[in-house]
Amino acid sequence: MGPAAIRLAGLVEALEELNLSVIDRGDVGLPLLAEDSEGLRNFRPLLAFVKELRTLSKESLTSGRIPVVLGGEHTLAVAGISAALEHFQGDLGLLWIDAHADINSPGTTCSGNLHGMPLAALARLPSGAMGLVDKEWTELLQLLSEVHKLDLEATIWYGIRDVDRAERGRLSGCAITMHDIDRHGVGAMVNRIDQWLRRSGVRQLWISFDVDVLDPILAPGTGTGVRGGLTYREAHLMAELIREALDSRGCPYQLVGVDVVETNPLFDSQNETAKMAVEWIASLFGKTILGSR
């Protein structure tokens, strides 16, 4: 129900007000979720979903458009990001804006949820497990084997504050925690993002935004909330500064895709989280207080 909530909050209208051309491709049908087996939780329907969404993302990229993928849980990031890795032949930086690192593999996860593993899959890390779980993980990696694997050195985490012990040693890129943001400020941290991307040499940027990066007092509509997240103003300042960097003369990278995930209206209050998601996307695409881009 996340995409419906974000549509209801006026995403298409907000982007069209910025003189952007928007095509709503509709929802990707999700197969019925099966009862959990001894393998990865809901693996089979989620794999089918990733395949379909990946095809749609490739079509958007091929047509020269920027896919904005709404969700839903964070497993969907595997689809769009792998499509971009294929389309741009591995030339891709990733900005992962999330309370969580999401780089567990089956052998390290405590929950068994695939939405905590998308970066491990994209980086094609080994499962570290045995039996059916290992076979399923291998099947997912085979789906991704035809594309370049995600370069973790060109990956930036922003706003993380709930990182599992096994994940900590895997954050080989730039990891910006809420402590860093509190201590140094949003402006300095966005400058660090810009400098990291420039040093990495990537020319394409995908941004994956999980609404649980926001403080759950302001954005309760998620099932994965963690206290102590970004405020409304911090989130918008970040988006505005990223837009400024993208629009600056000589910027060596461009925005090629966006995920907005983990919006769950069942936990929300008057659709406030979806509204915040829409407003954040609008800021990223150029909305300012005075209305100029």
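**Close-up 1. Arg54, Lys58, Glu86 and Glu146 are joined in a network of salt bridges.** A salt bridge is taken here as a side-chain nitrogen of Lys or Arg within 4 Å of a carboxyl oxygen of Asp or Glu, and the structure contains 11 of them. The model is a predicted one, in which local features need pLDDT of at least 70 and side-chain atom pairs count only at pLDDT 80 or more, while totals for chains, interfaces and linings use all residues. Residues are numbered from 1 along each chain as its sequence is written, and side-chain values use heavy atoms, with hydrogens and water left out.

**Close-up 2. Glu86 and Lys58 form a salt bridge, with their closest N and O atoms 3.4 Å apart.** This pair links distant parts of the chain, Glu86 lying in helix α4 (residues 77-87) and Lys58 in helix α3, 28 residues apart; helices (H or I, at least four residues) are DSSP runs, numbered from the N terminus. Glu86 is partly exposed, at 29% relative accessible area, and Lys58 also counts as partly exposed, at 29%, where buried means under 20% relative accessible area, exposed over 50%, and partly exposed in between (1.4 Å probe, protein chains only).

**Close-up 3. Arg7 and Asp24 meet through their side chains in a salt bridge of 2.7 Å, N to O.** Because Arg7 belongs to helix α1 (residues 2-8) and Asp24 to the loop between α2 (11-16) and α3 (43-62), the pair ties together parts that are 17 residues apart in sequence. Arg7 is partly exposed, with a relative accessible area of 27%, and Asp24 is likewise partly exposed, with a value of 43%.

Close-up 4. Arg243 is buried, with a relative accessible area of 14%, whereas Asp247 is partly exposed, at 48%.

**Close-up 5. Helix α3 packs against helix α6 (residues 131-144) at an angle of about 5°, with the axes 11 Å apart.** Axes are lines fitted to C-alpha atoms, for helices over the stretch in contact, and angles run from 0 to 180 degrees between N-to-C directions. The two helices α3 and α6 are therefore roughly parallel to each other, a term that covers angles under 35 degrees. The contact (heavy atoms within 4.5 Å) is made by Phe43, Arg44, Leu47, Val50, Lys51 and Arg54 of α3 together with Glu136, Glu139, Leu140 and Leu143 of α6.

Terms used. Angles under 35 degrees count as roughly parallel, over 145 as roughly antiparallel, 65 to 115 as roughly perpendicular and the rest as oblique.
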